[in-house]
Amino acid sequence: MKRVNQLSNQSSECRLKVYIRTFGCQMNEYDSEIMAGILTDDGYGLVDDTSKADVVLLNTCSVREHAEDKVWSELGRLSKIRENKPLTIGVCGCMAQKEGAKIIRRFPSVSLVCGTHNFHQIGELLNEVKTANPVRGKTSNRVKGIVNIGESEKLPFFRLPVRKDGRVSTSLAIMRGCSKFCSYCVVPYLRGKEKSRGPEEIIDEIVHLTEQGFKEFLLLGQDITSYKYKSKMSNEWKDIDLSYLLKEVNSIDGVERIRFITSHPSGVTSRLLKAVSDLPKVCEHLHLPLQSGSDRILKLMNRGYTRDFYLNLASKAREIIPELSITTDLIVGFPGESEAEFEDTLDVMRKVGFDNAFMYKYSIRPGTKAAGMKNEVPENIKKERLRRLQEIQREMSLKRNENFLGRRVEVLVDGTKKKAPSKLLGRTRTNKVVTFKGEKGIIGKLVDVTITGACQWTLQGKIN
Ligand code: SF4
């Protein structure tokens, strides 16, 4: 099934208006884009606030308890609003997949639960909701709910709906699901096992997007380095991997930059590093989750590598791609993590010198292997370890950013700075945010900027 959608800014009074609020990762952002495209095609208007909406869809995340708590509390707030205003409330994504009908039992005001395999059916599902609840204007907090969390055989892929709002960067899923089963993670249970999308279809979609003006492509996959697809080429079946796909995308006219996330350390081959180094459009950035620097904890996490493997990989990657920036994910307070094991993580951090890191306290995810592990680390210790981790990362990010001072870098101009609209904002090839003064007419263009200032999160520059 292929769809080409154009999200319109027009919102006629008679159209139903939908607000899609996204929680969690870039895959969720991408799924929200697809839902937005489908619904505008179906005649809905898009709005950016609950107060203007007839339909609110929460596209949810279950990776951490905290993310789920935010959604439960938002559902409480929406149910209150619904007491005074007709509002269709839908829950989509990971929490919908995980909790199913329980969401409606807890919040009878919710009329749609749409799982991770069904977001492409959002238009039909909202029609079913309308049919099941014909009287609009009724604000009772008890509605007939529709639940759709079944997994279909085929991947629900089609062209990404195109939003013509001046953006030049977009995401694109090249695979879905994950078969790694890290012991703390719910993704394989909620998004299913890994399934890759065919290269022809991916290339067709990218060509289409370049025709719409997109220049930078972020290829998405929960475990993208496992991408593989059997394809018939010159009458022979061949296994296509991520390096091959990058080469194909690199040759598409109109593509200026290619990024990809998330790489599992065990899947980063020399061939892939070579592809990043050799292909001019592939950006020099790897998001390479470490999670822990302790071999015992990595084993309990079922990560499939050791600290030495990771350290060697990081140094090999920097050798092959000297400009490479490496970012990571880290978890503190995994069950049984001792102070010495936590310090092993600090040690690997210092040795690698990450450009940036997403750092979290371990959060129990029911149904995962780690949820049954004993020796939970007390909350106050987790908090303290997180604080120490963040402090070190702040210093390292600043140091890595200061290396750019005085250098001239290529920046893709994304837009204006929210809090200072007179300033422009863009990203380097190494995924660092740069702010600088310039004419709005260069938004969407690649420009050279000399870096004049550096702080922990951003660089400041002067256009050449
Ligand atoms: S690689 Fe591990 S952490 Fe990442 S999505 Fe798969 S199971 Fe989860």
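Visitor: By class, how many residues in the shell around the ligand are nonpolar, polar and charged?

Guide: First, this is a predicted model, where local features need pLDDT of at least 70 and side-chain atom pairs count only at pLDDT 80 or more, while totals for chains, interfaces and linings use all residues. Residues are numbered from 1 along each chain as its sequence is written, and side-chain values use heavy atoms, leaving out hydrogens and water. Among the residues surrounding the ligand are Cys178, Phe181, His264 and Arg303. Ala, Val, Leu, Ile, Met, Phe, Trp, Tyr, Cys and Pro count as nonpolar, Asp, Glu, Lys and Arg as charged, and the others, Gly among them, as polar, and the shell has 7 nonpolar, 1 polar and 2 charged residues.

Visitor: Is Asp31 buried or exposed?

Guide: Asp31 sits in helix H1, residues 26–41 (a helix is a DSSP run of H or I, at least four residues, numbered from the N terminus). Buried means under 20% relative accessible area, exposed over 50%, and partly exposed in between, with a 1.4 Å probe and protein chains only. Asp31 has 3% relative accessibility, so Asp31 counts as buried.

Visitor: Which residues is Asp31 in contact with, leaving aside neighbours within four places in sequence?

Guide: Contact means heavy atoms within 4.5 Å. With those neighbours set aside, the partners of Asp31 are Asn59, Phe119, Arg176 and Arg191.

Visitor: How far apart in space are Asp31 and Cys92?

Guide: Along the sequence, Asp31 and Cys92 are 61 residues apart. In space, C-alpha to C-alpha, the distance between Asp31 and Cys92 is 9.6 Å.

Conventions
A residue is near a molecule or strand if one of its heavy atoms lies within 4 Å of it. Helices (H or I, at least four residues) and strands (E, at least two) are DSSP runs, numbered from the N terminus.
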